[in-house]
Amino acid sequence: MKGESTRMLEQIDAAQSLATEAPRRARVQVLRRLLARPLALVGAIIVAFVVLLALIGPMVTPRSPDDIIYTAVLSPPSAAFPFGTDDAGRDILSRVIAGARISLTVGVVSIGIAMVCGTLLGLIAGYLGGWVDQLIMRLMDIMLAFPDILLAIVIIAILGPGLVNVMIAVGIGAIPVYTRTVRAAVLDVREQEYVEAARALGAPAWRIMWVHILRNVLAPIIVLATLGVGLAILIAAGLSFVGLGAQPPTPEWGDMLNEAQNYLQQAWWMAVFPGAAITLTVVGLNLLGDGLRDILDPMSSHK
Amino acid sequence: MLLVPILFGVSVVVFLTVHLVPGDPVQIMLGHSPSGTNIQQLRHELGLDAPLPVQYLRYVGNALHGDLGTSIRSSRPVIAEIGDRFPATFQLTLAAMALAILLGVSVGVLAAASRSPVLEGVLMLGATLGVSLPSFWVGLLLIYLFALQLGWFPVLGSTSLRGLVLPAVTLALPAAAVLARVTRSSLVEVLHQDYIRTARAKGLAWSRIVRSHALRNGLIVVLTIVGLQFGGLMAGSVIVESVFARPGLGSLAVAAIQSRDYPEIQGIVLVFAVIYVVINLVLDVLYGLINPRIRVS
């Protein structure tokens, strides 16, 4: 009896892996349609460029981001220093490039935290229902009562300032969005026939959630995560700017702007380039995320 | 009524802030090498030596009487510190909200009603840029250009009306961008409805259709977003006030976190969250009044 249902489960799996042929083709389709949208394409190129800088940054920076050149303090952009130097005589171009790795890491780690925790909570709430659902969703309501970065600020107040704590804080602050999205999707697919079939065959709850439900909520999560990384970078840089995140001499874009504040009159280049780097990165992620949303969720776009 | 459980939850979170601190919050607050008697004294002053539920009830009871404890940095009542700083933040948030609605709704309506793909694309690209711009960077650029170079506005720390312009613009931009996007998509949806086609078929001018037929229905959704944006603006004031050195609640919060002044942090966060929750409740009620479809269901 048990052997038979296991075999049927295997058959369902086989059928599903056949079905994943279609998603693979769909993935190629998504890519092709992404390339057909000029703005999304621009976004993808920008993101690829920043990711590349984050990966190979240290190899291409003209100098070490911490190198101090005493003879060239606060020198304006020139052939030797394309972005100029800061008040300590450090090459701003090198620091901006080094900052790509920091900001992307912060964005990806914090959204990773939010995605994993939020998805798990959403799956549990949507699948189990009842008082567990009530408890989780009321908790999310309370978290959402702290608008925007305020929740992150509360968490930093608890953990203390610092870059790692900023990642944790921004990550926790972003959890409710994922929980809500995943829960709504779970409620939607929970009653579908193929889920019922899997349940009738005795598939354990975790397996149904993991294999049958999660696959269906992947698209909205990818869109949310792309847009979320951009927002997380923005928030983290803002927290570093007010001194609650990265501390000097970390070449973090927000912290660099914090230092630039004091030299605005003498050295505009200290403020312009790190800020432009943040803006470029976030614009890229937003354009890409918008494009992905239009493609993956045709209902949301052109009516 | 969801207001009471949420406010209860908010108060619990704010209350727990001090208890979730890894290590001994009293020791952290006192800084390096405090003496034993100091620790005992501060712990007693903060009421941290009582059982948790008692502490919570005491905290909420006091808060309802307007007593949010005493600031450790200034030894003044937290409520007085907040009272001093509140007007600057309130002014800034209100001015930014007005600006954001004005700018965001006009851009959104223009984009939806333009019927020119180029204009629509440009406006919406501008909206994407608006949500991607770091406010602290925009603030610095505006200071450099309009205060330092052109000298049109005071540079820093001014609470005059003239000094309000640059911070308000800085704070308003992202909110305006969000409002523009919501306005556009909501209006586009309305413009595809049957009654709009009817209006066109009977020969009404397009501008007239947009103005008197579509706007009223299209702007209902915008109202709820305004409520959410209000929270974003209050939280955003934390950063914008730091850029412009405005003496408001936001910059007070940053200073309080940096010196680990927990009573002050708790007070500010509580005030922000309560205002946000209440504003959204009021807007929910307004939403029901304006939109008869909600009232029925």
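What follows is a tour of a predicted model, stop by stop, with something to select at each one.

**Stop 1: chain A as a whole**

Start by selecting chain A and colouring by secondary structure. You'll find 12 helices and 0 strands. Follow the chain from its N terminus and the order of elements reads α-α-α-α-α-α-α-α-α-α-α-α. Of the 303 residues here, 47% count as buried. Contacts between residues 24 or more positions apart make up 70% of those with a separation of 6 or more in chain A.

**Stop 2: the kinked helix in chain A**

Now select residues 205–241 of chain A, which is helix α10. What does the distance between its ends tell you? With 37 residues, a straight helix would reach 54 Å at 1.5 Å a residue, but the end C-alpha atoms of α10(A) are only 45 Å apart. Zoom in on A:L214: a kink of about 55 degrees in α10(A) is centred there.

Keep going past the end of α10(A) and click on A:G243, which follows the helix and has a positive phi, near 95 degrees. Is the peptide bond between A:P248 and A:P249 cis or trans? It's cis, with omega near 5 degrees. As for where you are, A:P249 sits in the loop that joins α10 to α11 (253–260) of chain A.

**Stop 3: over to chain B**

Chain B has 297 residues, and 42% of them are buried. Among its contacts with a separation of 6 or more, 71% are between residues 24 or more positions apart.

**Stop 4: where the chains meet**

Bring chain A back. How many residues of chain B are in contact with chain A? There are 41, and they meet 39 residues of chain A. To see where they come from, colour these elements of chain B, each of which gives two or more residues to the side touching chain A: α1 (3–20), α6 (117–132), α7 (135–149), α8 (161–191), α10 (206–243), α11 (249–258) and α12 (262–290). Of these, α10(B) gives the most, with 8 residues. Colour that side of chain B by residue class and you get 30 nonpolar, 10 polar and 1 charged.

**Stop 5: a helix covered from two chains**

Stay with the pair and select α6(B). This one has 16 residues and reaches 22 Å from its first C-alpha to its last, close to the 22 Å expected at 1.5 Å a residue. Show side chains for its buried residues: B:L123, B:M124, B:A127, B:T128, B:G130, B:V131 and B:S132. Which elements cover them? The cover includes α10 and α12 (268–296) from chain A, together with α5 and α8 from chain B.

**Stop 6: two helices crossing in chain B**

Next, select α5 (residues 78–113) of chain B along with α11(B). They pack at an angle of about 135 degrees, with their axes 7 Å apart. The two helices are therefore oblique to each other. On the α5(B) side, the contact uses B:E81, B:I82, B:R85, B:F86 and B:T89, while α11(B) brings B:L249, B:G250 and B:L252. By class, that contact has 4 nonpolar, 2 polar and 2 charged residues.

**Stop 7: two loop residues with positive phi**

Click on B:S75, in the loop between α4 (52–64) and α5 of chain B. Its phi is near 60 degrees, a positive value in a residue other than glycine. Is B:S75 buried or exposed? With 7 C-beta neighbours inside 10 Å, B:S75 counts as exposed.

Then jump to B:R260, in the loop between α11 and α12 of chain B. B:R260 isn't a glycine either, and its phi is positive, about 55 degrees. This residue is buried, with 20 other C-beta atoms within 10 Å.

**Last stop: B:L270**

Finish in helix α12 of chain B, at B:L270. B:L270 is buried, with 22 other C-beta atoms within 10 Å. Leaving out residues up to four places away in sequence, it touches B:V14 and B:A63.

Technical notes:
Residues are numbered from 1 along each chain as its sequence is written. Chains are lettered from A and ligands numbered from 1 in the order in which they are written. This is a predicted model: local features need pLDDT of at least 70, side-chain atom pairs count only at pLDDT 80 or more; totals for chains, interfaces and linings use all residues. Two residues are in contact if their C-beta atoms, placed from the backbone, lie within 7 Å. Helices (H or I, at least four residues) and strands (E, at least two) are DSSP runs, numbered from the N terminus. Ala, Val, Leu, Ile, Met, Phe, Trp, Tyr, Cys and Pro count as nonpolar, Asp, Glu, Lys and Arg as charged, and the others, Gly among them, as polar. Axes are lines fitted to C-alpha atoms, for helices over the stretch in contact, and angles run from 0 to 180 degrees between N-to-C directions. Angles under 35 degrees count as roughly parallel, over 145 as roughly antiparallel, 65 to 115 as roughly perpendicular and the rest as oblique. A residue is buried if 20 or more other C-beta atoms lie within 10 Å of its own, exposed if 12 or fewer, and partly exposed in between; C-beta atoms are placed from the backbone. The expected span of a helix is 1.5 Å times one less than its number of residues. The bend at a residue is the angle between axes fitted to the seven residues ending there and the seven starting there.
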